[in-house]
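Visitor: I'm new to this one and would like to be walked through it slowly. Could you put it up on the screen?

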Amino acid sequence: VRSFLQNQRSILPLWNNGADYSSNIISAISSLPSGAKILTIPNGRYKISTTLWFDTNENITIKAAEFGGVILEASGIAEGNNVFHAFGDGSITIENLTIWGEKTKNSAAIDLFMDNSKVLSNAIINFDAGLILDPFGAQRGRNTEISNNYFFDNGYLTLRIDGGYNANTNTCTEPIGPFNLTSNFLSGNYQGINFLCAENGLIENNIVRDSNIAGLRSENSKGNVVRHNLIYRNTLQGFWIYASTTNSVFERNIVIDNNKGNQSFFFDCWNPQPTLKDDYLNNRPGPISYPYLRQENGSYLFTNYWCQFNGQEIELRAAVSRNNFSYNIIGRYSLAFNNLNWESPYDVRISYYPQFYSSRAEFLSLENIFENNYFINPDNSRILDGGCGNKYIGNKGVNVLDNTETEFFFTSVEDEICNK
């Protein structure tokens, strides 16, 4: 798909002599009769230098007749601005468009603050943030559908469901959902799927590979169903389930061959060494504060790699509780055939946080259930459970070389804090 789109970019005609086409699109939509407005953009390449801004109570559709037929190229969009920025009591559908960015700092291809919207069969390439679904007043992203899209070479917020969050109180002020996030393909991004303060969402049939951090990260979210996804060959974690993710279901996913960066476990220091701490505090250019440095060429350098993250297949960290993991395939698949030069240190790691400071109960991960999962070439040492009351029921070990299954038992040894 990426090669096809690169070829399309080289052969499609450039409209408007390369001048900004934003006002033409806005004018075309404004001229349509009230009601359900549908604009089909003719095939070609279009430069977009100013944000396509929609504050509307109407239902708007902007689309191409066929996938790959229309390329909107961000050209000189100012830092912090987006290609599409849509909010209001109406809805927007964006379909069959390729949106190509310049990695402009803090800029997204699509930023939605609407209910009942759809982002279907698009390609989003080379943005600092790809697609962000945000709350705005009464609009909470309800019934939004994000399906069959491609994401290549984007930054930390490649595909972000971004509810309102108060870091001082560690509470969700504007939870977002329900939503459907289905059948998307993500490759070569800084991070894959990422949701914060998301509730009652369906994350299904997505493929996420070759991310620079995790394939899927969940934070302060609850009641979501994550199923039938393929998460593999990401640089660090496959699933990074973090910070008060609760009461969610993770079922029938394939989470294999992660930790592509071959990053071993050191420790979870939250107060880095002075030079790294300075980097962490002063060099975080993203839409929200996360520890990466931006280089002049638009690529990323992750400064406190060893201090923050480790490359597990599945990691549960910091009050991740009462979730159910069932019928997942987890582990080191390709390594069994001797065609990888990396491996994850753990299949499952459940850690309290901070790791080497005084243990505090509010950081413990409790009462998660791992049931009827398939662990590839399992080993008890590849499960590290630093939580309390987590259950392992009916799991199986699979030898992929001879296609045999055995019962796989794991009993956690609980820290004394579990008795307090």
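Visitor: Where is Pro 175?

Guide: Pro 175 sits in the loop between β17 and β18 (179-182), where strands are DSSP runs of E of at least two residues and helices are runs of H or I of at least four, numbered from the N terminus. This is a predicted model, in which local features need pLDDT of at least 70 and side-chain atom pairs count only at pLDDT 80 or more, while totals for chains, interfaces and linings use all residues. Residues are numbered from 1 along each chain as its sequence is written, and side-chain values use heavy atoms, with hydrogens and water left out.

Visitor: Is Pro 175 buried, exposed or partly exposed?

Guide: Pro 175 counts as partly exposed, because its relative accessibility is 22% and buried means under 20% relative accessible area, exposed over 50%, and partly exposed in between (1.4 Å probe, protein chains only).

Visitor: What is Pro 175 in contact with, leaving aside its neighbours within four places in sequence?

Guide: With those neighbours set aside, Pro 175 is in contact with Arg 140, Cys 197 and Glu 199, contact being heavy atoms within 4.5 Å. As for Tyr 165, it is 10 residues from Pro 175 in sequence, and their C-alpha atoms are 8.0 Å apart in space.

Visitor: You mentioned Cys 197; which residue does a disulfide join to it?

Guide: The disulfide joins Cys 197 to Cys 172, with 2.1 Å from S to S, and a disulfide here is a pair of cysteine sulfur atoms within 2.5 Å. By this rule the count comes to 1 disulfide. With -85° about the S-S bond, the link of Cys 172 and Cys 197 is left-handed. The pair links distant parts of the chain, since Cys 172 is in strand β17 (residues 171-174) and Cys 197 is in the loop between β20 (193-196) and β21 (202-204), 25 residues apart.

Visitor: And is Cys 197 buried or exposed?

Guide: Cys 197 counts as buried, at 1% relative accessibility, whereas Cys 172 is partly exposed, with a relative accessible area of 29%.

Visitor: Changing topic to the sheets, what is the order of the open sheet of 11 strands?

Guide: That open sheet has the order β3-β6-β9-β12-β15-β20-β23-β26-β31-β34-β37, with parallel pairing, and two strands pair if DSSP finds at least two bridges between them. β3 (52-55) and β37 (383-385) stand at the edges with a single partner strand each, so one side of each is left without a neighbour in the sheet. From one strand to the next, the twist averages 10°, where axes are lines fitted to C-alpha atoms, for helices over the stretch in contact, and angles run from 0 to 180 degrees between N-to-C directions.

Visitor: Which residues of strand β26 are buried?

Guide: Both faces of β26 (residues 239-242) are covered, with Phe 239 and Ile 241 buried on one side and Trp 240 and Tyr 242 buried on the other. Strand β23 (residues 216-219) runs parallel to β26 and is joined to it by 4 bridges, with Ile 241 as the bridge partner of Ser 218. Another 4 bridges join β26 to strand β31 (residues 314-317), also in parallel, and there Phe 239 stands opposite Ile 314.

Visitor: Now the helix α2, which of its residues are buried?

Guide: In α2 (residues 22-30), Ser 22, Ile 25 and Ile 29 are buried. Seen down the axis of α2, its buried residues fall within an arc of 70°, so they line one face of the helix; the arc is that of the directions from the helix axis to the C-beta atoms. What covers these buried residues includes β1 (36-41), β2 (44-48), β3, β4 (59-64) and β5 (70-74).

Visitor: How does α2 run relative to β1?

Guide: α2 lies across β1 and β4, running at about 140° to β1.

Visitor: One last thing, what is the phi of Asn 259?

Guide: Asn 259 has a positive phi of about 65° although it is not a glycine. Asn 259 lies in the loop between β28 (254-256) and α3 (274-282), and it is buried, with a relative accessible area of 1%.
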